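This briefing goes through one protein model, topic by topic. Look at the sequence and the structure first, then read the points below.

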Amino acid sequence: MNLDIYFKSIIENDNCSIVICNLNHEIIYMNKAAIDSYKKYGDLVKKNLLNCHNDESKGKINTVIKWFMEDINNNRVHTFYNEKQMKDVYMIALRDDNHNLIGYYEKHEFRNRDLSKFYDLK
């Protein structure tokens with residue numbers, strides 16, 4: 001069974017921004033939430049993620065990539081907490097079936113309680 005369509009649907013319907021990059025830091029995919037979050041910067045797909053960061057951030061990103069490469073168990077780093085939006089930001093390693101690093105993605109996770117009604121189908 002080809003799971004690609006399922007995985008893409010999961011990512012597309014996530015309310016949190018997901019930005020996927022290859023090892024050249026080229027943005028290869030942004031879900032709808034990320035496109036909305038970063039729309040003031042225009043279309044970022046095929047752009048270099050490092051161009052969106054200052055020198056200190058670039059160094060940290062490259063340090064994390066090196067750490068990902070050191071061990072197949074090095075896969076998740078907490079990189080930032082946004083107090084205003086109550087969210088944590090992570091860099092997550094992307095690996096192929098042989099555990100080779102092929103890229104990474106930025107994942108946002110909100111910490112504020114969802115106040116919507118349970119099973120509200122309206």
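The charged end of R76 sits over the ring of Y90, at 3.8 Å from the ring centre. A charge counts as sitting over a ring if NZ of Lys or CZ of Arg is within 6 Å of the ring centre and within 35 degrees of the ring normal. This is a predicted model, in which local features need pLDDT of at least 70 and side-chain atom pairs count only at pLDDT 80 or more, while totals for chains, interfaces and linings use all residues. Residues are numbered from 1 along each chain as its sequence is written, and side-chain values use heavy atoms, with hydrogens and water left out.

**The sheet**

- An open sheet of 5 strands has the order β2-β1-β5-β4-β3, with antiparallel pairing; strands are DSSP runs of E with at least two residues, helices are runs of H or I with at least four, and both are numbered from the N terminus.
- The edge strands are β2 and β3 (76-82), each of which pairs on one side only; two strands pair if DSSP finds at least two bridges between them.
- On average, neighbouring strands of this sheet are turned by 20° against each other, direction ignored.
- Strand β3 is joined to the antiparallel strand β4 (residues 87-95) by 6 bridges, and V77 has M91 in β4 as its bridge partner.

**The hairpin**

- Strands β1 (residues 18-22) and β2 (residues 27-30) run antiparallel and are joined by 3 bridges.
- In this pair, C21 stands opposite I27 in β2.
- β1 and β2 form a hairpin with 4 residues between them, and H25 in the turn has a positive phi of about 70°.

**Helices on the strands**

- Helix α1 lies across β1 and β2 and runs at about 70° to β2; axes are lines fitted to C-alpha atoms, for helices over the stretch in contact, and angles run from 0 to 180 degrees between N-to-C directions.
- Helix α3 (residues 55-70) packs on the sheet and touches β3, β4 and β5 (101-110), its direction making about 45° with that of β4.

**Around S17**

- S17 is in the loop between α1 (4-12) and β1.
- With a relative accessible area of 4%, S17 is buried; buried means under 20% relative accessible area, exposed over 50%, and partly exposed in between, with a 1.4 Å probe and protein chains only.
- The side chains of S17 and S37 are joined by a polar contact of 3.0 Å, meaning a pair of N or O atoms within 3.5 Å; within protein, one must be able to donate a hydrogen and the other to accept it, and residues adjacent in sequence count only if both atoms are side-chain atoms.
- The S17 side chain also reaches the backbone oxygen of A33 at 3.5 Å.
- Leaving aside neighbours within four places in sequence, S17 is in contact (heavy atoms within 4.5 Å) with residues including N31, E106 and H108.

**Around H78**

- H78 is found in strand β3 and is partly exposed, with a relative accessible area of 45%.
- A polar contact of 2.8 Å joins the side chains of H78 and D88, and a polar atom of the H78 side chain lies 3.3 Å from the backbone oxygen of F80.
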